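Hi,

Here is the structure I promised to pass on to you. Have a look at it first, and then read on for what turned up.

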Amino acid sequence: MPPSPRSSQNNRLPDITENSADTLVYDREILNIGSSDFILIDEVSDNEENNLKTYCTKITDKTKSAFQRKNIPKRLPFLQWWPIYTKEDFIGDLLAGITVGLTLIPQSMSFAALAGLPPQYGLYSSFIGSLMYVFIGTCKEVPMGPTAIVSLMTYNTLNGRGPVYGTLLCFLTGVIQLVMGIVGLGFLIDFISGPVNAGFTSAVAILIVVSQVKDIIGIRAVGSTLFDMIKSLSKDIGNFRVGDIILGSVCIIVILLLRMLALIHVGPKDDSERTKVQKIINRSMWLIGTFRNSIVIIVTTFIGFIYVNSSGHDVTSNEFPPIPFKVIGKIPPGLPNFDFPKFSITRNNGTTAGFFEMVSDMGSGVIVLPIIALIENLSICKTFSLGKPIDATQELVAIGLCNIGNSFFHALPGSGSFSRSAVNAASGVRSPMGGLYSGILVIVGLLFCTPYFYYIPKSALAAIIIAAVIFMVEIRVVKPIYRSKKSDLIPGLGTFFACLLLHMEIGILIGVGLNLISILYHAARPKLSIRVNTTRGGINYLMMTPDRCLIFPSVDYVRNIIIKHSLKQNLPVVIDCSHIYGADFTAAKVIELLTIDFSRRGQLLFFYNLKPSLVNVFEGVRPKDFNIRLFYESREIDQLLHKHMIVNSNAED
């Protein structure tokens with residue numbers, strides 16, 4: 001028969017030091033009398049039904065509320081800033097819009113080539129979305145259009161199937177993003193942690209650089225993984241072109257030098273202390289550095305024009321000009337026709353592929369690409385919000401509608417761009433109206449400048465991409481992650497290598513999987529604080545405090561720890577449930593077995609600060625010998641243990 005509480009108190013307490021990852025060191029501590037401990041009460045009724053019908057009703061109500069009069073300014077954000085729009089705002093937005101537009105035109109053509117499509121499709125993706133975002137977007141720094149990450153994912157998803165598939169992918173991307181915004185599925189993005197995002201971005205940057213090497217050296221290469229790209233490059237490396245190598249290398253060097261020029265400041269650090277001349281010089285250097293892509297494109301286009309004309313080549317023919325480097329070639333002039341995305345296509349062999357077959361051909365990229373685009377866009381919003389809350393739902397709706405609108409003009413999937421957003425912010429943008437002027441500039445380029453796009457060297461476009469993405473390799477985050485939590489490097493590095501060696505959508509899923517494994521491990525291994533306390537009457541008891549909810553992955557582990565230390569100490573056990581905010585059926589069954597085990601040994605077991613909702617869960621399995629007692633103050637433990645001590649003493653007499 002186990003010793004009574006009276007006999008237990010006469011035993012000397014052993015000094016126990018148990019160093020493990022899951023249990024804390026025993027600490028002999030006397031609780032303060034009259035503590036302010038209390039029980040939290042659920043705000044939601046336990047009888048509320050959480051079935052499919054209820055969920056559908058909530059979605060319906062949420063959709064209806066979005067179109068209520070009071071919520072219209074929230075869904076059309078331009079109604080909030082347009083009434084207070086000033087002349088100064090117009091000037092700031094105009095200058096920023098022109099600056100971003102001059103950056104957007106060469107970038108969009110480069111990103112179309114990155115996606116494996118003709119350059120004009122990048123321009124088609126750069127004006128409708130920008131115009132729509134003015135009215136429905138919430139972040140003034142976001143310029144909609146093609147981005148490096150989304151373009152590379154588009155290339156991997158399309159796998160050379162052509163513009164028709166690209167337009168359908170743009171439409172599906174917008175639909176998925178819009179639905180996610182309406183039904184509130186934006187929380188899925190939360191499963192992609194910072195380390196996973198950094199690993200994915202770094203891997204994509206390396207893949208983009210390798211994919212553009214072919215245009216820098218003037219050869220042909222394909223592939224969706226690093227190994228495939230390197231293998232393809234090695235096969236055609238013998239056909240390199242010296243002209244492309246020289247021109248591409250010089251362009252990269254010039255772009256990087258001009259980028260550094262934009263960061264140089266003449267005079268004192270404080271702008272107010274600089275002279276007028278110093279301010280003019282700094283502004284001029286910043287403008288030159290900001291327009292670096294446009295400057296390189298203009299100069300190399302002029303070089304291409306001279307070479308092509310000197311060769312006597314007919315630019316109206318479909319043949320490539322006999323010059324030392326490759327040029328873009330003919331681009332259809334004018335704006336694209338308004339047209340619905342094609343939901344079926346006739347193949348070269350005469351067979352027809354329907355909608356579901358086309359979606360099946362594109363694979364999992366149809367789902368992964370919209371999520372990656374959302375992550376990129378929301379990251380930009382968070383970066384430039386300066387700590388202010390952002391309306392993530394409205395951003396999901398906005399980017400979804402922009403992609404849907406783009407798809408009616410033969411565009412590719414797009415999102416906000418970090419590089420263009422930085423230019424937008426540095427140019428002094430005052431509202432989303434800056435996107436209007438950027439879009440108009442692209443329209444002007446399509447209407448009047450396409451004949452000159454013929455002479456743009458492909459190596460110059462590749463140089464623009466390489467110079468932009470090399471700074472996306474986030475080496476700088478490795479040290480902070482290592483100092484903060486070393487285990488976070490596992491999903492980050494796992495995502496990085498998986499995206500390099502496997503398809504990108506598989507790599508990001510592996511990263512998310514590693515994160516979930518980490519979360520599940522911590523859920524299955526909660527920490528327990530174990531202390532030997534003494535009541536005011538001198539009775540020793542074991543206080544065990546789990547630090548989180550009891551659910552099926554963790555409850556057996558917690559039970560084993562409780563049994564192990566209760567047998568070792570042979571004292572009454574009090575389980576402090578202050579931090580247990582949830583439990584499930586498995587936990588209830590294990591608690592039943594635990595109470596039976598303590599009852600058979602004659603050892604006391606009590607539950608302290610147990611929420612009423614958890615009492616209902618535990619009572620649902622009708623456990624035997626379950627001491628249901630809701631303690632509001634720790635002194636009630638003293639009274640209950642004292643009462644049992646008297647009962648046991650009388651029984652012994």
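Let me start with a charged pair: aspartate 215 and lysine 214 form a salt bridge, with their closest N and O atoms 3.9 Å apart. Both aspartate 215 and lysine 214 are buried. Please keep in mind throughout that this is a predicted model.

That pair belongs to a set of nine salt bridges in the structure. Another of them joins the side chains of lysine 342 and aspartate 339, at 2.6 Å from N to O. How exposed are these two partners? Lysine 342 has 38% relative accessibility, so it counts as partly exposed. Aspartate 339 is also classed as partly exposed, because its relative accessibility is 27%.

A further salt bridge links aspartate 597 to arginine 601, and here the closest N and O atoms are 2.3 Å apart. Both residues sit in helix H26 (residues 585-601), four residues apart, which is about one turn of the helix. An α-helix has 3.6 residues a turn, so residues three or four places apart point the same way. As for accessibility, aspartate 597 is at 24% and therefore counts as partly exposed.

Next, a helix to find in the viewer: H8, which covers residues 148-158. Of its 11 residues, 10 are buried, so the rest of the structure largely encloses this helix. Which residues of H8 are buried? They are Ala148, Ile149, Val150, Ser151, Leu152, Met153, Thr154, Asn156, Thr157 and Leu158.

Helix H5 (residues 87-114) packs against helix H14 (residues 292-310) at an angle of about 60°, and their axes are 8 Å apart. Because of that angle, H5 is oblique to H14; the cut-off that matters here is that roughly perpendicular begins at 65 degrees. The crossing of the two helices is left-handed. On the H5 side, the contact is made by Leu102, Thr103, Pro106 and Gln107, while H14 contributes Asn293, Ser294 and Ile297. What classes of residue make up this contact between H5 and H14? Three are nonpolar and four are polar, and no charged residues take part.

Best wishes

Definitions and conventions:
Residues are numbered from 1 along each chain as its sequence is written. This is a predicted model: local features need pLDDT of at least 70, side-chain atom pairs count only at pLDDT 80 or more; totals for chains, interfaces and linings use all residues. Side-chain values use heavy atoms; hydrogens and water are left out. A salt bridge is a side-chain nitrogen of Lys or Arg within 4 Å of a carboxyl oxygen of Asp or Glu. Buried means under 20% relative accessible area, exposed over 50%, partly exposed in between (1.4 Å probe, protein chains only). Axes are lines fitted to C-alpha atoms, for helices over the stretch in contact, and angles run from 0 to 180 degrees between N-to-C directions. Angles under 35 degrees count as roughly parallel, over 145 as roughly antiparallel, 65 to 115 as roughly perpendicular and the rest as oblique. A crossing is left-handed if the near helix is turned anticlockwise from the far one by less than a right angle, and right-handed if clockwise. Contact means heavy atoms within 4.5 Å. Ala, Val, Leu, Ile, Met, Phe, Trp, Tyr, Cys and Pro count as nonpolar, Asp, Glu, Lys and Arg as charged, and the others, Gly among them, as polar.
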